[in-house]
Protein chains: 2
Amino acid sequence: MGDHLPGTKASLKPFFEPKTVAVIGASRETRKPGHVILRNFLERGFAGKVYPVNPKTEEIAGLKCYSSVKDVPDEIDLAVVATPAKAVTQVIQECADKKVKAAVIISSGFGETGPEGKKREDEIREIAAKAGTRLVGPNCIGIFDAYSSVDTLFLPRYRLARPTKGSISFISQSGAFGVAMLDWAASLGVGISKFVSYGNMIDVNEIDLLEYLKDDPTTRMVIMYLEQTADGRKLMDIARQITLKKPVVAIKAGRTAEGAKAAASHTGALAGSDAVYWGAFKQTGIVRAFDPEELMDFAVALNSQPPASSSRIAIVTNGGGFGVMATDEIVRRKLSLSELSGTTKRYLREKLPPYVSVENPVDLMGDTDAQRYLIALDLVLKDPNVDGAVVIVLFQTPMLESGVVDTIAEMAMKYHKPITVCATGGDYVEIHRKMLERSYVPCYQTPERAARAMWALMFYGDYLKRATEEEKTA
Amino acid sequence: MGDHLPGTKASLKPFFEPKTVAVIGASRETRKPGHVILRNFLERGFAGKVYPVNPKTEEIAGLKCYSSVKDVPDEIDLAVVATPAKAVTQVIQECADKKVKAAVIISSGFGETGPEGKKREDEIREIAAKAGTRLVGPNCIGIFDAYSSVDTLFLPRYRLARPTKGSISFISQSGAFGVAMLDWAASLGVGISKFVSYGNMIDVNEIDLLEYLKDDPTTRMVIMYLEQTADGRKLMDIARQITLKKPVVAIKAGRTAEGAKAAASHTGALAGSDAVYWGAFKQTGIVRAFDPEELMDFAVALNSQPPASSSRIAIVTNGGGFGVMATDEIVRRKLSLSELSGTTKRYLREKLPPYVSVENPVDLMGDTDAQRYLIALDLVLKDPNVDGAVVIVLFQTPMLESGVVDTIAEMAMKYHKPITVCATGGDYVEIHRKMLERSYVPCYQTPERAARAMWALMFYGDYLKRATEEEKTA
């Protein structure tokens, strides 16, 4: 397991900002991981030096190929290992001899296959530890850093799009889950800072990574996929530290007994009681997502909106039925509908047409324009009884200008209260969803998703408030 | 309220298959409903005759405009009324005098605004009833029929895409909800037969519409949005009849006390106890969706897959973590994981690589090709312990050919057991999702959604089995 001395940060840096990289098991066959990874480094803006290593080849992609990492006439910060499992022990021995700082072991065929693979893991761990070489993996997809262009994802770009630079970092025990989410993020236009699939975590685990990301300047928040933790106590310690600085959203698979059993056969890991994890998350301010859609939705919300200072939510809509559905979900999630102040209602009544409903949910009706949204949001968000707003916008209605996007973004900036938007529909709506998200306002396909994202903002806000009070008392 | 004598079917037919249409309140202003609706009929393949009516204009869009529907030198099957509310009573009187068979009243400003509007509704209802003119609305979006091209949706096509012809019919008390879902369906490529937004339902209500759709040859299934019913007892009667012939999925808003209150202020309707509705749905085989995403997901599943004969589900995946999440949701939804037979497991072991997991979930691993899916699905679906399969396909993995789409579609055909697919990701996945859905296999973004769609197939299958047994006993 990783050691958590002050050196963690320095020792993990070569994974994300190496100046020199050796791709061990580099291949000329275009579909092999050792080929795709080499090309990722050569073609996608990585600024450092790249050395292919493969005893069977003299040259790959125009570069001289070395028989062993030991032959490379340069110091190596990061080795990416994509050889067959049997060769990995020797490869890591050579990395250790060469004093390689960090190695990502992509290869599978280790602890996940049984006791023999587990034994090989122990050997490798020991060799690397002695030399001070940090290890990610084995049995993983490795690392993607949108800033440095480190990219060990061995899936072709036409199948797996890479997200743009952003401020969300993502750590995942499951490689498949990780890349599927990255691909989804790319298509949504959600930017990523660092992605790490850490696989069997024989050295670097989720605790090390959270410690690193806590102080990482391009990481504004962290999302994670967990099946089990390397060390529950340490996870809680680091979680308490990081959540005071940035939001963390986690999805924990294996909720049911049957799911936990499936997880055990998948990674050989004991998933642990779901209730214990949920309790630990609540105590340390980790926002829990119950499925991948919530993970994505909560990430987008927490990355762009301030946390809610309390749970009283206003709904502003141009479709009555949607207001009803948002209300249902808000109540089910233990948020509450704001009781709008008399002043707010009086002004709403004065400034809006008489057939508009000025109770919460405020229904601006199907003939609304952007101006009504401006009036309503300006009054509602000013109201001290309102901690956040779920705004429903049916862009299809004929009088509603696209400029309502600016209106909503402006109001979010003006009042520093969280806003989540629901806009249900097809292509025309999708254009506006992207406009909203580029204006840092999260927008969802259903009222329930917008309401649940508000729950996440409330959960985190509530935790921060309690944690800060505890600090004062202590 | 609608009368349910044998005449219902004949009296509703003019709404969907009129030979002559009068657009009353037709307008020259391009953004007005009376203009958009006229253009819909003129430009989108409607085969009948169209007559604009507006006393203030002599000609619209090249057509002679009539002062009153009574002046039109033709019988009128369907009148679409888009005048101000105040004018509607007289307009309907003229329709009655003219013996117009059916009228859709788009105009709002009736029962939803208070007692005075309610009074106008009573007048209109009485006038129409005497003349035998059936009414849809007021305060609605009206009707869209993808086959006949009746289209009273007054939202411009660039904002609201119209779905292609299909076999799902959709009735909605909320107009805004209805059009947002239609737009979404269009972007997903989900085809629609008939759509009716019935608004304040002063005559035609959800019960009449279900009765009509029960025997409609282009309707293979029905989805509906309800806030309250016109008559609970009659709804249950007709639901019992229709669900024996075709699936019905319903979303009922106003689940919580607060949501019910919001619904009351929206339509003036009492939403009624949520538990009563849920009980009625269970008794009559209506599949309940709890949010718009489930409504869409269940519709797609029930429209293309056979119902499950029982609840024992197999999972086939190429990503372990996804198998865990699908397992969790299957168990939470009271489905169960199939216990694969010894024979199945023996053959799986024989025919698949040794590192593949042949327990349920069957994990084909990240290096799978389409052939492994063929072997696994062929064996698993043949197994008498398996009632349906949730198939997880990460299309991003390098060795997996697009042909796996054909494999899955072929296996669904061969075994007549339901299949739902999960494929998480971005653009490359979206291409394959569409390929699958065009092969009549539903495909979802998350394992939870695929598992929940399987629940819907199980719920309906279970109901059908019980209802058929009861019929035999009776």
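## A helix across the sheet

Helix 2 (residues 33-43) of chain A lies across strand 1, strand 2 and strand 5 (78-81) of chain A, and it runs at about 160° to strand 1 of chain A. The model described here is a predicted one.

## The parallel sheet

In chain A, 5 strands make up an open sheet with parallel pairing, and their order is 2-1-5-6-7. Its edges are strand 2 (49-53) and strand 7 (134-136) of chain A, each of which pairs on one side only. From one strand to the next, the twist averages 20°.

Strands of a sheet pair through backbone hydrogen bonds, in either a parallel or an antiparallel sense. Strand 1 (residues 20-24) of chain A pairs with strand 2 of chain A in the parallel sense, over 5 bridges. Within this pairing, T20(A) has K49(A) in strand 2 of chain A as its bridge partner.

## The setting of R372(A)

R372(A) belongs to helix 13 (residues 370-382) of chain A. R372(A) has a relative accessibility of 10% and therefore counts as buried, since buried means under 20%.

The side chain of R372(A) takes part in a polar contact with the side chain of Y355(A), at 3.1 Å. A polar atom of the R372(A) side chain also lies 2.8 Å from the backbone oxygen of L364(A). Leaving aside residues up to four places away in sequence, R372(A) touches L352(A), P353(A), Y355(A), V356(A), L364(A), M365(A) and D367(A).

Technical notes. Residues are numbered from 1 along each chain as its sequence is written. Chains are lettered from A and ligands numbered from 1 in the order in which they are written. This is a predicted model: local features need pLDDT of at least 70, side-chain atom pairs count only at pLDDT 80 or more; totals for chains, interfaces and linings use all residues. Side-chain values use heavy atoms; hydrogens and water are left out. Helices (H or I, at least four residues) and strands (E, at least two) are DSSP runs, numbered from the N terminus. Buried means under 20% relative accessible area, exposed over 50%, partly exposed in between (1.4 Å probe, protein chains only). A polar contact is a pair of N or O atoms within 3.5 Å; within protein, one must be able to donate a hydrogen and the other to accept it, and residues adjacent in sequence count only if both atoms are side-chain atoms. Contact means heavy atoms within 4.5 Å. Two strands pair if DSSP finds at least two bridges between them. Axes are lines fitted to C-alpha atoms, for helices over the stretch in contact, and angles run from 0 to 180 degrees between N-to-C directions.
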